[in-house]
Amino acid sequence: MSELQNTKTELQIVTEKNKSNILNDNLLFLHQQDRKNKYFLAIFILNIIKSLYYVIKFRPNYVISTGAGVVIPYLVFSKIFGAKIIFIESYAKINSPTMTGKIVYKFADEFFVQWPDMLKFYPKAYYKGSLY
């Protein structure tokens, strides 16, 4: 019997707040961070604190992520607290890795790419086709 069959299923989505999801009450938000923004450091620190809070509160067993840099602290804290990390590199990246992907590849339990050419950057990754 698989490990998943014996677990209670709960889903919590943590994402960046934007115009498309601002009215959704079922989401938790991190602040959108842009390295070119003059408030980047403050936003990044706030996201670290919020990420730690969410991980302590929800204690995820599995975290599935498709990136951006805002998720790195959440993934690190989740890993420290024992979660399995599953990362899916961006569909938009055909010829080069993302910064987030390069960092998360080092500690993800499962790492997927959406283009076979990306296996040259992530030799231990899995290619199973695209999710787009």
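The structure is a predicted model, in which local features need pLDDT of at least 70 and side-chain atom pairs count only at pLDDT 80 or more, whereas totals for chains, interfaces and linings use all residues. Residues are numbered from 1 along each chain as its sequence is written, and side-chain values use heavy atoms, with hydrogens and water left out.

The protein chain contains three helices and six strands, where helices (H or I, at least four residues) and strands (E, at least two) are DSSP runs numbered from the N terminus. Along the sequence these elements follow the pattern β-β-α-β-α-β-α-β-β. Of the 132 residues, 31% count as buried, a term that stands for under 20% relative accessible area, with exposed meaning over 50% and partly exposed lying in between (1.4 Å probe, protein chains only). The chain exposes about 9300 Å², of which carbon and sulfur atoms supply 57%; such accessible areas come from the Shrake-Rupley method with a 1.4 Å probe, and for residues only the protein chains shown count as cover. When contacts (heavy atoms within 4.5 Å) between residues at least 6 apart in sequence are considered, 34% join residues at least 24 apart.

Strand E3 (residues 62–65) pairs with strand E4 (residues 84–88) in the parallel sense over four bridges, pairing being assigned if DSSP finds at least two bridges between two strands. Within this pair, Val-63 stands opposite Ile-85 in E4. The chain passes from E3 to E4 through helix H2 (residues 72–80) in a right-handed β-α-β crossover, meaning that, with the strands pointing away from the viewer, the path from the first strand over the helix to the second runs clockwise. E4 also pairs in the parallel sense with strand E5 (residues 110–113), over three bridges, and here Ile-88 stands opposite Phe-112 in E5.

A search of the whole structure finds one salt bridge, defined as a side-chain nitrogen of Lys or Arg within 4 Å of a carboxyl oxygen of Asp or Glu. In this bridge the side chains of Asp-109 and Lys-79 meet at 2.8 Å, N to O. The pair links distant parts of the chain, since Asp-109 lies in the loop between H3 and E5 and Lys-79 in helix H2, 30 residues apart. Asp-109 is partly exposed at 32% relative accessibility, and Lys-79 is partly exposed at 31%.

Arg-59, placed in the loop between helix H1 (40–58) and E3, has a positive phi of about 45 degrees although it is not a glycine. Arg-59 counts as partly exposed, at 48% relative accessibility.
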